[in-house]
Amino acid sequence: NEPLTRIFGWERGEVIGHDFREFLDEESRELVADRYRRRQAGEEISPRYEFNVVRSDGTKRRVEISSTVIRDPRGGVRTIAQILDITERKVLGERLEAIYELGHSLILKRDRRSIARRIVEAAKELIGIEDCALYLFDGKRKALSIGASTLPVPVKYREFPLDSEKGIIPEVARTKETIYVPDTSQDPRFLLGTGETRSELCIPLLIEDRLIGVLNAESPRIDGFSAADRQLLAALAARGTVALENFRLREETARLRGLNEQIVTTLNEGIILENEQELITYVNPAAARMLGYPEEELLGKRWSALVLEEERPAIEAKMVERRAGVSDQYETTLLTKSGKRLPVIMSSSPLMESGRYAGTVAAFTDITKRVNAENALVDSLAKTRQTLDGVVEALEATIDPVSYTHLTLPTTCSV
């Protein structure tokens, strides 16, 4: 039929009466011949498959065939085939796959500018867009600044305030909607740059409703972006969005990790992390200093090995509760590397992952001074009582037993 001649690029008269294989490329001829022979022999094979045809101008097209075997009135075997040109679909699929693979390499980039540069390079390599630019959004300044471009960008267009009155790029940033202008001469928002731009495609880079940037492509042709081009550029923008957001999260995570480490390492309290096997996996400098160990020597030790032997049963009981998600605070005595006793107040909390116990974080404070002060007070009270008892005895010895009033002292002193 006529659609088939358009696919082949031949006239009907040039096709009818010829061997079908004459219109195939070399690698497809044997595939089609083999399928034909097997189908004619009555073998059950898939009726749908792909191959290449060679047009009259020598170019190749990828087609998909769906064939059915029938018998004519004489019992002869005939084949009815439907052929669909899938060249654009295949090219689109291959380019989408290439953009998908590009996403993996973008994640490895170390800064926003290199991510932006690779995105516009991919627009040129994979989609054939000669003029492409990626603008990055600065939320604090409420402005878009150029991250990368395939062609030089005039100085006056290297940055757009979000509230710019003209320009497709700031309009897309404000509305967070893709804008395609097939004829820029008909759109008053368009700003002419250095090139002869006749059509423009502008896509926002969004994480949910949060703007990250804008990907802008321009063409010297009216309606220069096909539906496939728009689909490919949207896919590229999506991959770029993920890469830029991953980079931001890595930066934020590194910043918070550094801040947390700074806080933990400068604390006067000791911090110890242990895993679910009750092995120490982290100690901060204060903990190592108080216990008299190098930090690396404490790693891999059991926490219970640092506790007085007579207090270990109580500690083990608390560990059972902690595995059930219970936090606690208590006083105990630790043993330093030199064997010295270190009284501490301990605060311990379980680390849970998806509802499962994964370890413990414990913070402890040296209360040696407080314990010493309490002991000193007890000693002082004991000495005071002893002195008072001596005074009473002296008074009893000098006062007339008939006339004095008996003085009674308390028998215990509380701290």
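Predicted model: local features only at pLDDT ≥ 70, side-chain atom pairs only at ≥ 80, totals over all residues.

Reader: How much space lies in the largest cavity?

Author: The largest cavity has about 30 Å³ of space.

Reader: Which residues line the largest cavity?

Author: The lining consists of Glu274, Glu278, Trp303, Ser304, Ile315, Glu316 and Met319. By type, three are nonpolar, one is polar and three are charged. Helix α10 (residues 312-323) gives the most to this lining, with three residues.

Reader: Turning to helix α3, which of its residues are buried?

Author: The buried residues of α3 are Ser28, Val32, Ala33, Arg35 and Arg39. Seen down the axis of α3, they fall within an arc of 165°, so they line one face of the helix. Glu26, Glu27 and Glu30, on the other side of α3, are exposed.

Reader: Against what do the buried residues of α3 pack?

Author: They pack against three strands: β1 (48-54), β2 (60-71) and β3 (77-85). Just after α3, Gly42 takes a positive phi of about 90°.

Reader: Now Lys340: is this residue buried or exposed?

Author: Lys340 is exposed, as its relative accessible area is 55%. Its place is in the loop between β12 (328-335) and β13 (341-353).

Reader: What is Lys340 in contact with, leaving aside neighbours within four places in sequence?

Author: With those neighbours left aside, Lys340 is in contact with Leu334 and Leu335. Its C-alpha atom is separated by 83 Å from that of Arg198, 142 residues apart along the chain.

Notes
Residues numbered from 1 in each chain as written. Heavy atoms only, no water. Helix = DSSP H or I, 4+ residues; strand = E, 2+ residues; numbered from the N terminus. Buried < 20%, exposed > 50% of the residue type's maximum accessible area, 1.4 Å probe, protein only. Contact = heavy atoms within 4.5 Å. 1 Å grid on protein atoms, 1.4 Å probe; cavity = no way out; pocket = protein on both sides within 12 Å on 5 of 7 lines; lining within 4 Å. Points joined across faces, edges and corners; volume = space filled by probe spheres on them. Nonpolar A, V, L, I, M, F, W, Y, C, P; charged D, E, K, R; others polar. Arc of directions from axis to C-beta.
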